[in-house]
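Please keep the sequence and the 3D view open while going through the points.

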Amino acid sequence: MDISVVITTCNRPAFLVEALAGIVSQELQPKEILIIDDCSEVSYQEAYNAIKDVNAQFLRLENKSGANRARNIGIKESSGTVIAFLDDDDVWLPDYLSEISKQYELGADAVVTGFKQLGKESVLVVNKDVRVTEASLLRGNTYCGMSGFSCKKEVIENLHFDETLSNGQDWDMFVRLFLGGVDFRNISKGLFLYRFQNADGIGAKLRNIEPRDIIPRLASANKHKSFLGDYWFKKRVSEQVLFSLKYKKGKVRWLLLSVKLSGIRATSSFFYRAMRRKILKKPMSI
């Protein structure tokens, strides 16, 4: 099974070195590694030796275009039967490529996996589905981020990542693959290390935005409103609006926006679920 690895990176050469070390440790080595640099503003000199050691192609975009365009370029430039995507701040465990390869040999068209928290490897996040299901997708992305996603090139090159989306690109892709009827499998094992709460990560950024800035981030929910249905659509919107509420300024404005966009019921349900998770000590869906 020929596997191409597509890594997207931007301003994080030190993290990229760690990601490449994870590839070096793989039991099954990939056919090729393509690194798409989304117009970084910092030098990647410290990563050059690691890039050279794995014989990776390093493509730097002239204009900052977002991770989705970077991934689409990686799809176009890759030559493997399967494309495995990796974010620069995550690290694959040694059996990642060998485990997904087994699924493709059994007929899979796309694969997602569980993960562990980098630095706290005892924290395991897995979905127990054998195949990606509607029930799980309705609840959001309950599987993984892009570092646990791979797909046959012949399948994904006909879809591509939606470059108009500023977030939710993983869930959007998963929904489109599911609706397309492909053989989409899930491995219920923690096969990579996910870096939570980077200083420049999504969670940190969302704590500092204004309510008006959340609207573009609802695009994936609006795009799949018919798939979600009224209940799940409003639930998703409310969760996105109220995410990390305790860290945000102007909490009343965020509450009012949630009520405006998703209604009182969905907004109230958000707090009810949060209270239950606190009592039961269960994590939120990813």
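**Notes on helices and aromatic rings**

1. Just after helix α4, Gly107 takes a positive phi of about 110°. Helices (H or I, at least four residues) and strands (E, at least two) are DSSP runs, numbered from the N terminus. The model is a predicted one, in which local features need pLDDT of at least 70 and side-chain atom pairs count only at pLDDT 80 or more, while totals for chains, interfaces and linings use all residues. Residues are numbered from 1 along each chain as its sequence is written, and side-chain values use heavy atoms, with hydrogens and water left out.

2. Helix α4 covers residues 96-105, and because eight of its ten residues are buried, it is largely enclosed by the rest of the structure. Here buried means under 20% relative accessible area, exposed means over 50%, and partly exposed lies in between (1.4 Å probe, protein chains only). Among the buried residues of α4 are Tyr96, Glu99 and Tyr104. The buried residues of α4 pack against several strands, including β1 (3-9), β6 (110-117) and β9 (184-194), where contact means heavy atoms within 4.5 Å.

3. The structure holds 14 aromatic pairs; rings of Phe, Tyr and Trp (its six-membered ring) pair if their centres lie within 6.5 Å, and planes under 30 degrees apart count as stacked, over 60 as edge-to-face and the rest as tilted. One of the pairs is formed by Phe85 and Phe149, which are stacked at 5.7 Å centre to centre with 5° between the planes. This pair links distant parts of the chain, with Phe85 in strand β4 (residues 82-87) and Phe149 in strand β8 (residues 149-152), 64 residues apart. Phe85 is buried, at a relative accessible area of 1%, and Phe149 is buried at 0% relative accessibility.

4. Are the rings of Tyr231 and Trp232 stacked or edge-to-face? They form an edge-to-face pair, 5.0 Å centre to centre with 85° between the planes. Tyr231 is partly exposed at 45% relative accessibility, and Trp232 is partly exposed with a relative accessible area of 24%.

5. One aromatic cluster is formed by Phe85, Phe149, Phe161, Phe174 and Phe184.
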